[in-house]
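Please look at the model first, then read on.

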Amino acid sequence: MRVGVLADTHDRLPAITEFTRRFRAAGVGLVLHAGDFCALWSLRPIIAANLALAGVYGRNDGDHEGLRAEAAKGMGTEIYGGPHSVEVNGTRILLVHDIGDVNERSVAGHAVVIHGYTHERQREVVGDSLLLNPGEACGWLFGTPSAALLDLDTREVEFIALEGPEWKY
């Protein structure tokens, strides 16, 4: 099963819309989001694409009630306080915004750890756990919006970058 992975979307609707389009084209039905949606309208492209979402709040998500209310408009759209464990297709996944908020034991207790916060792509294996930061979907800090496709069966990661002058900030 392939899932889409986002973090640090920071309200950049055109990038969120393009990533959801690419996720749908890749056969993804679930998006895992590591926080910093920022505003409730950041959920709208995901909901409009009929993608389920499991996510956690980030440090810049001030309106938890607004995000929760917007998430309720989608089928299978859930946002939690982090860190939060979910099981998808038999794979135990930890969603957290800042990897520094979890200890080694929490990491070891999950097959996959999805995180954000640094805005930098990362794919690292620690023990038996895959740590994955898809990079910044907004592209505000490093100039290139980034996301990832994750195959939960093989743990293969494909990073997706939106390149071209229209995506540069």
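Two strands count as paired if DSSP finds at least two bridges between them. Strands (E, at least two residues) and helices (H or I, at least four) are DSSP runs, numbered from the N terminus. The model is predicted: local features need pLDDT of at least 70, side-chain atom pairs count only at pLDDT 80 or more, and totals for chains, interfaces and linings use all residues. Residues are numbered from 1 along each chain as its sequence is written, and side-chain values use heavy atoms, with hydrogens and water left out.

In the order β5-β6-β7-β9-β8, 5 strands make up an open sheet with mixed pairing. β5 and β8 (121-126) are its edges; each has a single partner strand, so one side of each lacks a neighbour in the sheet. On average, neighbouring strands are turned by 20° against each other, direction ignored; the axes behind this angle are lines fitted to C-alpha atoms. Strands β7 (residues 112-114) and β9 (residues 129-134) run parallel and are joined by 3 bridges. Val-112 has Leu-130 in β9 as its bridge partner.

Most residues other than glycine have a negative phi, and most peptide bonds are trans.

| Residue | Phi | Loop between |
|---|---|---|
| Cys-38 | about 80° | β2 (30-33) and α2 (44-48) |

The peptide bond between Gly-82 and Pro-83 is cis, with omega about -5°. Pro-83 sits in the loop between β4 (77-80) and β5 (84-88).

How values were computed:
Axes fitted to C-alpha atoms, helices over the stretch in contact; angles between N-to-C directions.
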